[in-house]
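Let us read this structure together, one feature at a time. Keep the picture open as we go.

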Amino acid sequence: MPVIAIIGAQWGDEGKGKIVDMLAETANVVARFSGGDNAGHTVVNPAGEFKLHLVPAGIFYPQCRCLIGHGVVVNPESLLGEIAYLSERGVDTRNLFVSDRAHVVMPYHIMQDRLEEQARQNSAIGTTHKGIGPAYADKAARVGIRVGDLLDEDLLRSRLTMALALKNQLLTQVHKASGIDLEQVFEQSLEWGKKLSRHVADTSVMIQESVERDEMVLLEGAQGVMLDLDVGTYPYVTSSHPTAAGACLGVGLPPTRLQHVLAIFKAYTTRVGGGPMPTELLDEIGDLICERGNEYGATTGRRRRCGWFDAVAARYSMRVNGFTGAALTRLDILDAMRTVKVCAAYKLDGKIIESVPGDLARLAECQPVYEEMPGWETPTSDVRRFEDLPEAAQRYVLRLSELIGCTINLVSVGASRSETIIVKSLV
Ligand code: GDP
């Protein structure tokens, strides 16, 4: 049975939740590998509509073990809230496990996130203020608190004492904010530990054993490749690795165990927060995509920036991830367009370029070179076979596949599981 990594191939919000929910039907394990509760999946299934932030989208299937890997940073308050929300709606969460090695988003990370964004003024990154960046920074600085620490009183006290000695200086002396009381955070953290203890496990062993048993394993990403800390549009990026390489790292599986890397592309482009976006549409077409697509963040409610499909970024994404297949989502949002455009190349200093410049100022200067194609102006949500799509829609999908350099296996034409066209089976 395969191990499949499911990767947001653009700037996030591609509709990964729906695809994971669909594929999880036959999976034994779904493991989330990066990000924190700054991400948000919306899943629509026969039990209703669910907004998930930390819990993997396999949670709706009783046979599926859902793991939150050590590449994720966990806000315990938010995880407990999500468990309660799912339980209230009749979803069994006994199969949910969180890595003892995952780092904890502490209350001071959230304070730090807000204060740092304020201090950046006009260069703010546009973070979700959830403390994710500071939690990853502390992980790298080796002053982080891990989920396993919450279960060990002595270890917790010593780790918190060390962390707060630094944090309080930063909060009070640099940001002129009030400091954090050790006892208060200690008590709160112990409480979190008690409430979460039944879910805490060595998830890397669980997943490795599952792979050895030849079970089907899905690795669920959050955000998207262009927001990766290393390969994304730095500094307007997230602090983790939403890539295929990050998937292995974030759950503790060797890269050689990955059989499939499935890209999730939206049929157009959206982006939240700052940073260059060559195909952004600041006109009525952008507004139309936004309104038809209800392009507002599941976590923040912020309006997403909308534009045409950027095949230059998509090819780059393909190269850094080695996708073995792709799902194209939200094709139906383009149903109303008279014409559709695809950015096939960029123009920079009068020259055509086909790669994404690493220098953000240069990327901001790139002008999209569009291919314009006729739209289909026909609803597609009821279509279930590729050959039943309007010809113009088929041509659009095939052209994207050509430009990305990757087979499109699935086309999604609506939010629910059934609103999906299987063009070519995945495995
Ligand atoms: P994710 O974080 O990548 O899972 O993406 P989001 O949950 O932020 O956004 C995807 C949204 O699109 C969710 O509300 C989904 O229910 C919805 N969705 C997924 N696929 C489709 C599709 O093909 N068409 C439409 N109209 N909605 C979709």
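Q: What makes a patch on the surface?
A: Patches consist of residues with over 30% relative accessible area and no salt bridge; like charges are joined within 9 Å. Accessible areas come from the Shrake-Rupley method with a 1.4 Å probe, and for residues only the protein chains shown count as cover. A salt bridge is a side-chain nitrogen of Lys or Arg within 4 Å of a carboxyl oxygen of Asp or Glu. Asp and Glu count as negative. A charge is placed at CG of Asp or CD of Glu. Here, a patch of negative charge on the surface gathers D152, E153, D154, E187 and E191. Two helices, α5 (153-174) and α6 (182-196), each give two or more residues to this negative patch.

Q: What should I know about the model and its numbering?
A: The model is predicted: local features need pLDDT of at least 70, side-chain atom pairs count only at pLDDT 80 or more, and totals for chains, interfaces and linings use all residues. Residues are numbered from 1 along each chain as its sequence is written, and side-chain values use heavy atoms, with hydrogens and water left out.

Q: Is D152 buried or exposed, or in between?
A: Buried means under 20% relative accessible area, exposed over 50%, and partly exposed in between. D152 has a relative accessible area of 34%, so D152 is partly exposed.

Q: How do strands form a sheet?
A: Strands pair through backbone hydrogen bonds, either parallel or antiparallel. Two strands count as paired if DSSP finds at least two bridges between them. In this model, ten strands form an open sheet with mixed pairing, in the order β9-β7-β5-β2-β10-β1-β11-β15-β19-β20. At the edges are β9 (200-201) and β20 (420-422), each pairing on one side only.

Q: Which strands pair with β2?
A: Strand β2 (residues 29-32) runs parallel to β5 (residues 65-68), joined by four bridges. Four bridges also link β2 to β10 (residues 217-220), again in the parallel sense. A31 stands opposite L67 in β5, and its bridge partner in β10 is L219.

Q: What about the two faces of β2?
A: In a regular strand the side chains alternate between the two faces of the sheet. In β2, V29 and A31 lie on one side, V30 and R32 on the other, and all are buried.

Q: Which strands show antiparallel pairing?
A: One case is β3 (residues 41-45) with β4 (residues 48-52), joined by five bridges. A hairpin connects β3 to β4 through two residues. N45 stands opposite G48 in β4.

Methods: Patch = residues over 30% accessible without salt bridge, like charges linked within 9 Å, V, L, I, M, F, W, Y side chains within 5 Å. Buried < 20%, exposed > 50% of the residue type's maximum accessible area, 1.4 Å probe, protein only.
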